Amino acid sequence: MSSEISGDTAARSLHQIPEAAAAISLGVDLVLAARRNLGFLRSVSGWQWLHQRATTVEAIRRYDELWMPLISDLTVGSVTPMVLPPLDVEWVWFCHTLNPVSYRQYCESRFSKLIGKPAIFDEENEEYALMRCRDVWVDRYPNEPFENEVDSRSDDQIAANEDLFNEVKKNRFLYLKFSEPYLGEMLYLIAARQRYRGFLSLLQRFKDSCSCFVPTMDILLMLLTHQSYPTVYAEDLKDMWDDMAKVVGVWETVNEKDVDSIKKLWERAFEQPYEKAGVGLVMEFERVVPVKPPVYWEVSDTDVNTKYKSMVPRFLLEVCVSVRLLSGIKAIKEHNFLRLQIIRCHRELKLDKPVSDFTCDSWKKAWHLYCEFGTKGLTVELCGYRGLCLSGSKLLDTKAFYWNDLLRAPSLTLVKEVGQVSIFASITPPVQAPYLLKCVPDRVTDDSGAMVSDVILKLNNYRPQEGRWLSRTVLNHAGRECFVVRIRVGGGFWRRGGETPSAVKWEDRIIEIREGSWSYVAGSIGRAPEKVVGTATPEEPPEQWQAAWHFSTGDELMISWGSSTSTSRMSFCLKNQTSLDSSVMLLRGRKMQYQEKKTNSALESNNKQTESKEGEDDDKEDDEEGFVTLIRFSEENPTGRATALLNWKLLVVELMPEEDAVFVLLLCVSILRSVSEMRKQDVGRLLIRRRIREARVGARDWGSVVLHPSCSSISSPYLQPWHWNANLVMAASGAAAENLSRQPALNYSPAEGGDKLYKRGIIA
């Protein structure tokens, strides 16, 4: 059962599972079926009316009295008809099948046979099956509506089948267990199906020596999918029907002993760790608070930013690295250690683990992190200290794991030997993650978009440059230029001898966003892209509001801060006259998924603090200053969905693919402009009119690597979500930071206009 995976790799692979598992037939394509079920669960979770008590009670009645007799009559022998019931009935049916014993008893007691479900995996056939069912339904039940038309506001309904009602109610939040976006990727599902076969083989081989079997998330997804096709499930596992009761269900609680037992069985059978990237346990642990992942990623149906050619999608994957010493090793040098490094985008990262932390007996997770696909991969080095002073280290061996190689590998895993250590690396398929954008200072531009410079003046045959705009360059997560943001400040010319630009009227101080990157003509001197994709115009605010903006998107932003100059009382109102599909809300601070999740070590540190409650509240206000969360409400999300996080003070935004980047940037800059006027100070460093040198690209790119909280011994802010420590992560370093603090006015040419012009345009 051992096989060579390249010259330096040895492991037993799950694609060579024991013959007993290979003999287990799967009568339905679990890959396509699981993908369909994930989409179904997502749809169900979005329809709030479906989970009201009255709707559920009526759905159970329709399922029991109408649908099951109908599908029973349509089923001839083992052939399942190509019909699908309405959504509410299908949901009850799905929940009922997840309890195979109860469902089988129900079918056999009522219909003397087990009723199956058609295998329909594409939208076209699904639509046909639904239409065909409607025709049969109307013909058989002319007085029963095909859709559930009960008043969902009625709460006095009594369920005829209380057990089934509880089953449906329990599974209301089932999608939350399987909401990670990579679960629907074909590579993930193919690997999950293979691991499901391995899990079934363990159950066959060790059913007498183990009291319960705890499935990981991928195996559980395959199991629930298998159960949702009851006739196939019963036929495939007829020899294991009673043994399947030992499998822990999704809503059950497990303990560490049971988990350790299945881990040891798996390692013994396949010589691989049981848990890998993207396959954690979804059950609750006894007396253990679950650790939530630090990154937020959800399935997005659309990416509205594909219309901007300058926007490059950002892809993220989960990575797990486990370590085990090779068997037969007699001694390991005490001071040897393993070092993990990233190949691209975060080359400064060095994560060390002593070799003495690991054993030959079992696999131990060494690192758990989230990486952008652009990081290319990781390397694991075996190092040893030089001499007895432990002052320096030397490289003993190294191996590289490239994401592309892992994507082509069976089960998305690779095992390689580094010296006398076995390294097991696993990933999830990369999926689109939120966009990350930040605005950095740049040179002043004229009305045409050209930077104010002697170089441009010479190219224009010394024709004076008209107009003055403060400019900001928008960079994405990889440091690539995406947009140019311009704020109109002055008009007129500058000529030697007295003529200087003058401030424009307040209502003419518009904000403009152009798509694309600068066209450089000499060094850092260039012209802004020509295409204008968004504007914001200041307006006289209505009563009780202190600032108002009109966006070219049709949105209107109003801001209020009351009688105080503190942003802690700032509130927003956002309206759109052209679209009534969804309502939008702007909330001050980090809300929903953007709220900081403290690790255990951070919580312990907080508990040791003895500061007064007033001081803690002040610190919290400081942490939240500058942050605004954009929340959209819709029929699918009546409680709201956070689609963007803005930090107007730092001009940094994170947005979901379905949120428009230009709209979010307009919001961010408009709020900063308004706060600057309100406070009468340059709170966002808008007066800086030179490009500040960024950190070297590839050295420590923000957002490229995020550590899982399980790696709690490492607390670097650069390995956490940027908004946990925004000021530190976004701060310039070295000479750039010194220039920021000095704001070198002497470097600005008279042709650009003096500080007085820009202070009047931004602060006055």
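Is D660 buried or exposed, and what is its relative accessible area? I began with this residue in the predicted model. D660 is buried, at a relative accessible area of 14%, because buried is set at under 20%.

**Entry 1: the partner of D660.** I looked up the salt bridges next and found 35 in the whole structure. In one of them the side chains of K307 and D660 meet, at 2.9 Å from N to O. K307 sits in the loop between β4 (284-285) and β5 (314-325), and D660 in the loop between β28 (652-655) and α17 (661-679), so the pair ties together parts 353 residues apart in sequence. I noted K307 as partly exposed, with a relative accessible area of 48%.

**Entry 2: two further pairs.** I recorded a salt bridge between the side chains of R339 and D352, at 2.8 Å from N to O. R339 belongs to strand β6 (residues 337-342) and D352 to strand β7 (residues 351-354), so this pair ties together parts that are 13 residues apart in sequence. R339 is buried at 15% relative accessible area, whereas D352 is partly exposed at 38%. I then examined K531 and E515, whose side chains meet in a salt bridge at 3.6 Å, N to O. K531 lies in the loop between β20 (525-527) and β21 (532-539), and E515 in strand β18 (residues 511-515), so parts 16 residues apart in sequence are tied together. K531 counts as exposed at 51% relative accessibility, and E515 as buried at 11%. I also noted that E58, R61, E65 and E144 are linked in a network of salt bridges.

**Entry 3: helix α7.** I listed the buried residues of α7 (residues 162-170) as L164, F165, E167 and V168. Seen down the helix axis, they fall within an arc of 160°, so they line one face of α7. These buried residues pack against α3 (53-74) and α4 (87-97). The face turned away from them carries the exposed residues D163 and K169.

**Entry 4: nonpolar cores.** The largest nonpolar core has 95 residues, and F178 and W67 are among those with the most contacts inside it. Beyond its neighbours within four places in sequence, I found F178 in contact with L38, L183, M217, L220, L221 and L224. Apart from that core lies another of 57 residues, including I513 and V669.

**Entry 5: the surface.** I found a nonpolar patch formed by L32, M186 and I190, with about 220 Å² of accessible area together. L32 lies in helix α2 (residues 30-46) and is partly exposed, at 34% relative accessibility.

Terms used. Residues are numbered from 1 along each chain as its sequence is written. This is a predicted model: local features need pLDDT of at least 70, side-chain atom pairs count only at pLDDT 80 or more; totals for chains, interfaces and linings use all residues. Side-chain values use heavy atoms; hydrogens and water are left out. Patches are made of residues with over 30% relative accessible area and no salt bridge: like charges are joined within 9 Å, nonpolar side chains (Val, Leu, Ile, Met, Phe, Trp, Tyr) within 5 Å. Accessible areas come from the Shrake-Rupley method with a 1.4 Å probe; for residues, only the protein chains shown count as cover. A salt bridge is a side-chain nitrogen of Lys or Arg within 4 Å of a carboxyl oxygen of Asp or Glu. Helices (H or I, at least four residues) and strands (E, at least two) are DSSP runs, numbered from the N terminus. Buried means under 20% relative accessible area, exposed over 50%, partly exposed in between (1.4 Å probe, protein chains only). A nonpolar core is a set of buried Ala, Val, Leu, Ile, Met, Phe, Trp, Tyr and Cys residues joined through side-chain atoms within 4.5 Å. Contact means heavy atoms within 4.5 Å. The arc is that of the directions from the helix axis to the C-beta atoms.
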